[in-house]
Amino acid sequence: MAYAWRWLRSLIFNAQMYVAMAVLGIVYFPWALFSRRGAFAACKAYCRWVIWTASWMVGLKSEVRGEVPTDEVIVAAKHMSFLDIILIFNAIPAGKFIMKREILYTPIIGQYGYRIGCVPVNRGKRGKAIKKMVADVAKGVQHPGQLVIYSQGTRVAPGVKKPYKVGTHVLSEETGQDVVPVATNAGVFWPKRGVMRQKGTAVVEFMPRIPTGLDRDSFMAQLEEEVEVRSNELMREAGFTFPDEA
């Protein structure tokens, strides 16, 4: 009975979340159409709504730790679910994401992503995609802010290992911007797929920045070590047990 009740509450939460996306997208559209500030206001309002409704509808609270960057940096984050996107964007003042090109054609999300300066990339063509990503980021320098990239290139479930891609290092070198690693345990409570949302506290943690100038191998090793180790600690803190620890 308890499981069925939680599943039903999760279903209702998910449904209202998408209804709210449509409503806010329509309400803010006239402002967002003519002003990038309006697009940011819409996205921030939606993030706050999701965070607030998650806290009382399914008992999923959230916490942001560490020093949140406010200058122009690259934010290299662990990606587990839609929730870590919400928490990171709500925390930073002017976020824009490296996102899959397909998302650009998604109703509401695609249009608002474009308005706030997100950079769509084609994940299927590695070398070509990196060159285009760098070029597109260079075009967007007139829109200052924090560029968020998911260095593994996709959502990764708790306990699953995926390689880190060199795009983060390339962007750091090309833009001259430091990189702020971000760890999370969001996937423990809000999985990559499925309806269920678990009770607890989802955390995103901003860690000390990695300065530009490191060679590629040293940079990638440091980034992966810091993000993975801290994310694993946050997941254990949330009660997650890794298969080799069971």
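## Salt bridges and a surface patch in a predicted model

Tyr3 lies in helix H1, residues 2-34, where helices (H or I, at least four residues) and strands (E, at least two) are DSSP runs numbered from the N terminus. This is a predicted model, in which local features need pLDDT of at least 70 and side-chain atom pairs count only at pLDDT 80 or more, while totals for chains, interfaces and linings use all residues. Residues are numbered from 1 along each chain as its sequence is written, and side-chain values use heavy atoms, with hydrogens and water left out.

Because its relative accessibility is 60%, Tyr3 counts as exposed; the term means over 50% relative accessible area, buried means under 20%, and partly exposed lies in between (1.4 Å probe, protein chains only).

By the rule that a side-chain nitrogen of Lys or Arg lies within 4 Å of a carboxyl oxygen of Asp or Glu, the count comes to eight salt bridges, including those tabulated here.

| Salt bridge | N to O distance |
|---|---|
| Lys78 and Glu228 | 2.8 Å |
| Arg209 and Asp178 | 3.8 Å |
| Glu233 and Arg230 | 2.7 Å |

Glu233 and Arg230 both lie in helix H8, three residues apart, which is about one turn of the helix. Salt bridges that share partners also join Glu63, Arg65 and Glu237 into one network.

Lys78 and Glu228 are both buried. Arg209, by contrast, is partly exposed because its relative accessibility is 37%, and Asp178 is likewise partly exposed, with a relative accessible area of 22%.
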